[in-house]
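Colleague: I would like a close look at a single part of this model. Please take me through it step by step.

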Amino acid sequence: MKWGTTIVIVVLGLSSAGYGVDVNYSGFIHDPYPNSPVGDFVIAGTFDPTFNPWDYPYVYGDWVGNLVDGPEYAQAVADGVFRPIGAGTLTTDGAGSFSGTGSTTGIVGEALWIFAFGDPAPDDAWTFALCTSSDPGWLASGDAVGDQNVLHSSEADVFVFGGSAAPAIALQGLPIPVPSAGAAGLAGLVWVCGRRR
């Protein structure tokens with residue numbers, strides 16, 4: 001009799017392990033360029049716990065943090081650094097409204113992030129936002145049936161890039177370096193010397 005009871009407990013334990021954390025995320029995106037944020041891509045996800053999200057623009061961008069030269073997002077996903085939850089969603093109207101869902105297992109207690117791009121193709125975007133929240137509801141709940149997290153853009157208050165335009169998440173263009181006065185002077189000197197020949 002004990003053997004049969006033990007099997008039932010093990011089977012129930014295994015079946016509940018297959019459930020994931022349901023994540024529902026919604027809100028608004030403010031995209032200063034172009035004027036209308038219709039069709040911007042938004043996705044929720046987590047980072048590999050060994051990766052510092054504040055390093056993202058320097059690891060996947062250039063030396064000053066530009067993310068405009070290649071498949072930065074695709075590479076981060078391929079590397080397992082950013083782990084998307086679900087397929088993502090697009091903003092649907094001039095207010096930048098979005099609503100997406102996803103589900104995953106094995107992320108209990110990890111910070112949930114919203115990654116937003118000013119383009120339907122993330123690697124073609126010129127404006128971005130990467131944010132989470134200090135609200136405990138943005139930490140992934142358990143892996144049991146019915147566990148879920150509900151994220152809203154108005155709660156985002158921790159930004160790697162982008163910012164708050166409450167209740168929206170504001171996208172930003174990442175820095176394109178402006179030459180310093182010394183670099184501009186050196187470029188001018190090279191130009192003058194080249195003209196003398």
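Colleague: Is Tyr56 buried or exposed, and why?

Modeller: This is a predicted model. Tyr56 counts as buried, because its relative accessibility is 1% and the cut-off for buried is under 20%. Tyr56 also belongs to the largest nonpolar core, which has 41 residues. Tyr25, Tyr56, Phe115 and Phe161 touch the most other members of that core. Strands E1 (21-30), E2 (41-47) and E3 (82-90) are among the elements that each supply at least two residues of this core.

Now the rings. The count of aromatic pairs comes to 19. In one of them, the ring centres of Tyr56 and Phe115 are 5.3 Å apart and the planes stand at 80°, so the pair is edge-to-face. Tyr56 sits in helix H2 (residues 56-59) and Phe115 in strand E5, so this pair ties together parts 59 residues apart in sequence. Phe115 is buried too, at a relative accessible area of 0%. Phe115 also pairs edge-to-face with Phe82, at 5.4 Å centre to centre and 80° between the planes. That pair links strand E3, which holds Phe82, with strand E5, 33 residues away. Phe82 and Phe115 are both buried.

The structure holds 1 cavity of 30 Å³ or more. The largest cavity contains about 40 Å³ of space. Its lining includes Tyr56, Phe115, Phe117 and Phe128. Helix H3 (72-78) and strand E5 (113-117) each give at least two residues to that lining. By type, the lining has 7 nonpolar residues, no polar ones and 2 charged ones. Glu72 and Asp123 are among the lining residues, and both residue types count as charged.

Technical notes:
Residues numbered from 1 in each chain as written. Predicted model: local features only at pLDDT ≥ 70, side-chain atom pairs only at ≥ 80, totals over all residues. Heavy atoms only, no water. 1 Å grid on protein atoms, 1.4 Å probe; cavity = no way out; pocket = protein on both sides within 12 Å on 5 of 7 lines; lining within 4 Å. Points joined across faces, edges and corners; volume = space filled by probe spheres on them. Helix = DSSP H or I, 4+ residues; strand = E, 2+ residues; numbered from the N terminus. Core = buried A, V, L, I, M, F, W, Y, C linked by side-chain atoms within 4.5 Å. Buried < 20%, exposed > 50% of the residue type's maximum accessible area, 1.4 Å probe, protein only. Phe/Tyr/Trp six-rings, centres within 6.5 Å; stacked < 30°, edge-to-face > 60°.
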